Amino acid sequence: MGIIFSIIAGAAMSFQGVINTRLSERMGLFEANVFVQGSAFLLSLLAVWIFGSGSFKALLEVNKIYWIAGALGLIITVTVMLGIRDLSPTVAISTILISQLLVAALIDAFGILGSEKVAFHWTKFAGIALMIGGVLVFKIKS
């Protein structure tokens, strides 16, 4: 199921990035962000009301560094819109994916934020290098 959820997330992120960018072209970058984050907030409230089984009190018990998640959401949404605006959906999303993989690998390699340490061998660096090469090939004008 994790692979299926990951495929859905990747597809949704690609569509959302393009849709958010088109919204920002018509209504402004931060106005589009308010609409996107605001509608997500309202839908999240509905999901909590229907499916929620946790407790907001637990927020006081977690590592306070995790509280930056909302700010990261803002950074992600705005920078995806700017990346797609300045590049193209393919190049922007490819670059985002490479960045995600590289940072995730560092999180794994060093056990950052409580993650279990996972070895990061030269083969993984080679894979990332191949991905970067792929983005460069996409950027070549024919």
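Biologist: Which helices do the buried residues of H3 pack against?

Modeller: They pack against H1, H2 and H4. Please keep in mind that this is a predicted model.

Biologist: Which residues of H3 are buried?

Modeller: The buried residues of H3 are Thr77, Val78, Val80, Met81, Gly83 and Ile84.

Biologist: How far apart are the end C-alpha atoms of H3?

Modeller: They are 25 Å apart. The 18 residues of H3 should span 26 Å at 1.5 Å a residue, so the two values agree.

Biologist: What about the overall fold: how many helices and strands does the protein have?

Modeller: There are five helices and zero strands. The pattern along the sequence is therefore α-α-α-α-α.

Biologist: What does the C-alpha trace span along its principal axes?

Modeller: The trace of the protein spans about 50 × 45 × 30 Å. The protein has 142 residues, of which 15% count as buried.

Biologist: And what share of the contacts with a separation of 6 or more comes from residues 24 or more positions apart?

Modeller: Such pairs account for 61% of those contacts in the protein.

Biologist: Let us turn to H1. Is Thr21 buried or exposed?

Modeller: Thr21, which is found in helix H1, counts as buried at 0% relative accessibility.

Biologist: Which residues does Thr21 touch, leaving aside those up to four places away in sequence?

Modeller: Thr21 touches Val80, Met81, Ile84 and Arg85. Val80, Met81 and Ile84 are among the buried residues of H3.

Biologist: What about Ser24, buried or exposed?

Modeller: Ser24 is also found in helix H1. Ser24 has a relative accessible area of 14%, and the limit for buried is under 20%, so Ser24 counts as buried.

Biologist: And what does Ser24 touch, not counting residues up to four places away in sequence?

Modeller: Ser24 touches Leu29, Ala32 and Met81. Ala32 is one of the buried residues of H2, and Met81 is one of those of H3.

Biologist: Which other residues are buried in H2?

Modeller: Asn33 and Val36 are buried in H2 along with Ala32. The buried residues of H2 pack against H1 and helix H3.

Biologist: How far does helix H2 reach from its first C-alpha to its last?

Modeller: Helix H2, residues 29-51, reaches 32 Å. That is close to the 33 Å expected for its 23 residues at 1.5 Å a residue.

Biologist: Moving on to charges, how many salt bridges does the count come to?

Modeller: The count comes to two salt bridges. The side chains of Arg22 and Glu25 form one of them, at 2.9 Å from N to O. In the other, Arg85 is paired with Asp86, and the closest N and O atoms are 2.8 Å apart.

Biologist: Why are Arg22 and Glu25 separated by about one helical turn?

Modeller: They are three residues apart in helix H1, residues 2-27, and therefore about one helical turn separates them. An α-helix has 3.6 residues a turn, so residues three or four places apart point the same way.

Biologist: How accessible are Arg22 and Glu25?

Modeller: Arg22 is partly exposed, with a relative accessible area of 39%. Glu25 is partly exposed too, at 49%.

Biologist: How many positive and negative side chains does the protein have?

Modeller: There are 9 positive and 6 negative side chains, and the centres of the two sets lie 4 Å apart.

Biologist: What is the accessible surface of the protein?

Modeller: The accessible surface comes to about 10,700 Å², and carbon and sulfur atoms hold 74% of that area.

Biologist: Now H4. Is Ile93 buried or exposed?

Modeller: Ile93 lies in helix H4, residues 89-110, and counts as buried at 17% relative accessibility. Ile93 touches Ser14 and Ile84, not counting residues up to four places away in sequence.

Biologist: How far apart are Ile93 and Asp108 in space?

Modeller: Ile93 and Asp108 are 22 Å apart, C-alpha to C-alpha, and 15 residues apart in sequence.

Biologist: Lastly, where is the place of Leu113?

Modeller: Leu113 is in the loop between H4 and helix H5, which covers 122-139. Phi of Leu113 is near 60°, a positive value in a residue other than glycine.

Definitions and conventions
Residues numbered from 1 in each chain as written. Predicted model: local features only at pLDDT ≥ 70, side-chain atom pairs only at ≥ 80, totals over all residues. Heavy atoms only, no water. Salt bridge = Lys/Arg side-chain N within 4 Å of Asp/Glu carboxyl O. Helix = DSSP H or I, 4+ residues; strand = E, 2+ residues; numbered from the N terminus. Buried < 20%, exposed > 50% of the residue type's maximum accessible area, 1.4 Å probe, protein only. Contact = heavy atoms within 4.5 Å. Areas by Shrake-Rupley, 256 points an atom, 1.4 Å probe, with all protein chains shown as cover. Lys, Arg positive; Asp, Glu negative; His and termini not counted. Charge placed at Lys NZ, Arg CZ, Asp CG, Glu CD. Expected span 1.5 Å × (residues − 1).
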